[in-house]
Amino acid sequence: LDFKSLGRIFFLLIGFFNYDAYLNQDYKSKCIINVYMLSLIFYFYMKFSEITAARLSVYGFFLSIIILPNIFYIYKDKLRKRIYLACLIILCVLYFNKELYAMQQQSELINTNTIIIPYTNIFKKEEYMFIKKYRYLRKHYYNK
């Protein structure tokens, strides 16, 4: 089990715990939760080929954008809603930080601050330094 598998197990458990309540909504919700669950199960079935499993199950995994907020509206209890909302906010913050860290690693951004990773974009590209050689070659090529 790697980090990707643990994350998918977490989302699979969320789906299992709320499966019955989600089925009681309407036909579209039933189809959405079934595709979501099948895609996550399909990931583990195809685990022997990591790339194939990830690429084929990503389409169902994107349904979590629809499912996770809808689960918030399923809960009637205010305490459960607040707990679930706090968990969603923590999940969003952790995922955003993971993406920023991946962006820093892939672009090889030279960052002097170890706590805050800046969000680089094309409008501030001159403010940051990168290790990648092709970035400087590309810059030199376009400035001719």
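Reader: Which residues in α3 meet which residues in α4?

Author: On the α3 side they are Val 35, Tyr 36, Ser 39, Leu 40, Phe 42 and Tyr 43. On the α4 side they are Glu 50, Ala 53, Ala 54, Leu 56, Ser 57, Gly 60 and Phe 61. Contact here means heavy atoms within 4.5 Å.

Reader: What kind of model is this?

Author: It is a predicted model, in which local features need pLDDT of at least 70 and side-chain atom pairs count only at pLDDT 80 or more, while totals for chains, interfaces and linings use all residues. Residues are numbered from 1 along each chain as its sequence is written, and side-chain values use heavy atoms, with hydrogens and water left out.

Reader: Why are α3 and α4 called roughly antiparallel?

Author: Two packed helices are described by the angle between their axes and the distance between the axes. Helix α3 covers residues 27–45 and helix α4 covers residues 50–61. Their axes come within 8 Å and cross at roughly 170 degrees. Axes are lines fitted to C-alpha atoms, for helices over the stretch in contact, and angles run from 0 to 180 degrees between N-to-C directions. Under 35 degrees counts as roughly parallel, over 145 as roughly antiparallel, 65 to 115 as roughly perpendicular, and the rest as oblique. The crossing angle is over 145, so α3 and α4 are roughly antiparallel to each other.

Reader: Why does Ser 5 count as buried?

Author: Buried means under 20% relative accessible area, exposed over 50%, and partly exposed in between (1.4 Å probe, protein chains only). Ser 5 has 0% relative accessibility, so Ser 5 is buried. This residue lies in helix α1, residues 3–17. Neighbours within four places in sequence aside, Ser 5 is in contact with Tyr 43, Phe 44 and Lys 47.

Reader: How do you know that Met 46 is buried?

Author: The relative accessible area of Met 46 is 14%, so Met 46 is buried. Met 46 sits in the loop between α3 and α4. Beyond neighbours within four places in sequence, Met 46 is in contact with Thr 52 and Ala 53. Leu 56 is ten residues away along the chain, with a C-alpha separation of 9.1 Å from Met 46.

Reader: What makes Phe 62 partly exposed?

Author: Phe 62 has a relative accessible area of 47%, so Phe 62 is partly exposed. Its place is in the loop between α4 and α5. Phe 62 and Ser 39 are 23 residues apart in sequence, yet 9.9 Å apart in space, C-alpha to C-alpha.

Reader: What about Lys 81: buried or exposed, or in between?

Author: The value is 23%, so Lys 81 counts as partly exposed. Lys 81 is found in helix α6, residues 78–107. Not counting residues up to four places away in sequence, Lys 81 touches Phe 72 and Tyr 75.

Reader: Why do Glu 50 and Lys 47 form a salt bridge?

Author: Side chains of opposite charge can pair when their charged atoms come close. A salt bridge is a side-chain nitrogen of Lys or Arg within 4 Å of a carboxyl oxygen of Asp or Glu. Glu 50 and Lys 47 meet at 2.7 Å, N to O. That is within 4 Å, so the pair counts as a salt bridge. Glu 50 is partly exposed, at 26%, and Lys 47 is partly exposed too, at 25%.

Reader: How many salt bridges are there by this rule?

Author: The count is two. Glu 99 and Lys 98 also meet in a salt bridge, at 3.0 Å, N to O.

Reader: What makes the nonpolar patch a patch?

Author: Patch residues have over 30% relative accessible area and no salt bridge; like charges are joined within 9 Å, nonpolar side chains (Val, Leu, Ile, Met, Phe, Trp, Tyr) within 5 Å. Leu 13, Phe 16, Phe 17 and Ile 41 form this one. Leu 13 has 39% relative accessibility and counts as partly exposed. The largest share of the patch, three residues, comes from α1.

Note on methods:
Helices (H or I, at least four residues) and strands (E, at least two) are DSSP runs, numbered from the N terminus. Accessible areas come from the Shrake-Rupley method with a 1.4 Å probe; for residues, only the protein chains shown count as cover.
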